[in-house]
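Let's take a friendly walk through this structure together. Have the sequence and the 3D view open as you read.

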Amino acid sequence: MLEAKSFELFPEAASSIAGHVDAFYAFMVLVSAFFSLLIAFLVVYFAYKYRHRPGENIVYAPYDDHSLSAMLLEVVWTAIPLGLSMIMFVWGISIYFTEARPPVDSMEIFVTGKQWMWKIQHMEGAREINELHIPVNRNVKLTMTSEDVIHDFFIPAFRTKADVLPGRYTTEWFRATKVGSYHIFCAEYCGTKHSGMIGTVTVMTESAYNTWLGAGGGEGSMAEQGQALFNQLGCGNCHASIVNNQNGRCPNLVGLFGSTVELKDGKQVKADASYIRESVLYPQSKIVAGFDDYMPTFKGLITEDGMLKLIEYIRSLGAKNGVINQATPLPVQTADPAKAAISKPGVALPLPGSGGVAR
Ligand code: CUA
């Protein structure tokens, strides 16, 4: 689990392979510790036992290095390390092969690394950012690639990690054995925000997972559905500031709607429906002052219908002082691309209902 806890040597063991990795690791540590202590002890003991005493005359005993006892000694101190290292080799390689070969019955999930986030795509359509929901006791195979540099998808509690490379697919698999939430880390230095390229894997019961997968098409007001979409698209991972009403990695959305936004290039823009729509589909076109251009585009992932729900949700977040601004009617017409095009001439705006799905 992710609760704050006191110092611990090992992360929780929550996958089928974790116990094997830990046992192997413990074996290597114990073997190394045993010989380190033995050698250290003998160094000190012999230094004392054979120390030079005043007035002592050193006489070396004759030693025949072709004797049987000398031969025996050589065989023993060769055979023992050979045996120990072969145990480590065979044990280690069997764990490696197990981790390298996903079982054929694995369910498939796709991962894209990007500076600096993890994008997850489920076969059923659900899409997440920096979150991975999986069912317990099921083999899960990740097929991974990168949009930019080399990343590495690491789940310490599962004892699995694999490099994520641009231009090719790598795989990683695991079978979670415990319901709970566990860390995802990027384990390959990938730029200034490498340490922030983290996430959470949520292991759920099979039924809870199926419910989670099927969520999103439910009832509720437009804003509630927009909120579901907001959560589903992972917007909250960056725009989580709505919780504490502070700016986070991405601009605070509380009180955004209807306000005037300061842009990086010094211009100002009114945060209306067109602006929000443009920011969702073409996030790089208007960067808010004080923030970086790293929001991915959601073009093709959200329908015009879903976009309106999302805008309605952002509008329902009200003002920064906590007043929910329900009075302002949603200016639906500004979401019309023809109108929006007037506000930003020369820029090709996307056509509504471009066939994308909302989840
Ligand atoms: Cu991605 Cu480090």
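In this predicted model, the largest nonpolar core holds 30 residues, and those touching the most other members are A14, V111, L142, F153, I155, F158 and V201. Which elements give two or more residues to this core? They are the strands β1 (107-114), β2 (117-122), β4 (131-135), β5 (139-146), β6 (151-155), β8 (170-175), β9 and β10.

For a view from one of these core residues, pick V201. Leaving aside residues up to four places away in sequence, V201 touches L132, I134, I155, Y182 and I184. I155 is itself on the list of core residues that touch the most other members. Apart from this core lies another one, made of 24 residues, including V254, A273, Y275 and M307.

Next, turn to K193, which sits in the loop that links β9 (180-186) to β10 (198-204). Why does K193 count as partly exposed? Because 14 C-beta neighbours lie inside 10 Å of K193, and a residue needs 20 or more to be buried, or 12 or fewer to be exposed. Setting aside residues up to four places away in sequence, the contacts of K193 are Q115 and W116. K193 and W116 are 77 residues apart along the chain, yet 6.3 Å separates their C-alpha atoms.

Finally, look at helix α2, which runs over residues 68-100. Its 33 residues reach 47 Å from the first C-alpha to the last, close to the 48 Å expected at 1.5 Å a residue. How many of the 33 residues of α2 are buried? The count is one, so α2 is hardly covered.

Methods. Residues are numbered from 1 along each chain as its sequence is written. This is a predicted model: local features need pLDDT of at least 70, side-chain atom pairs count only at pLDDT 80 or more; totals for chains, interfaces and linings use all residues. Helices (H or I, at least four residues) and strands (E, at least two) are DSSP runs, numbered from the N terminus. The expected span of a helix is 1.5 Å times one less than its number of residues. Two residues are in contact if their C-beta atoms, placed from the backbone, lie within 7 Å. A nonpolar core is a set of buried Ala, Val, Leu, Ile, Met, Phe, Trp, Tyr and Cys residues joined through C-beta atoms within 7 Å.
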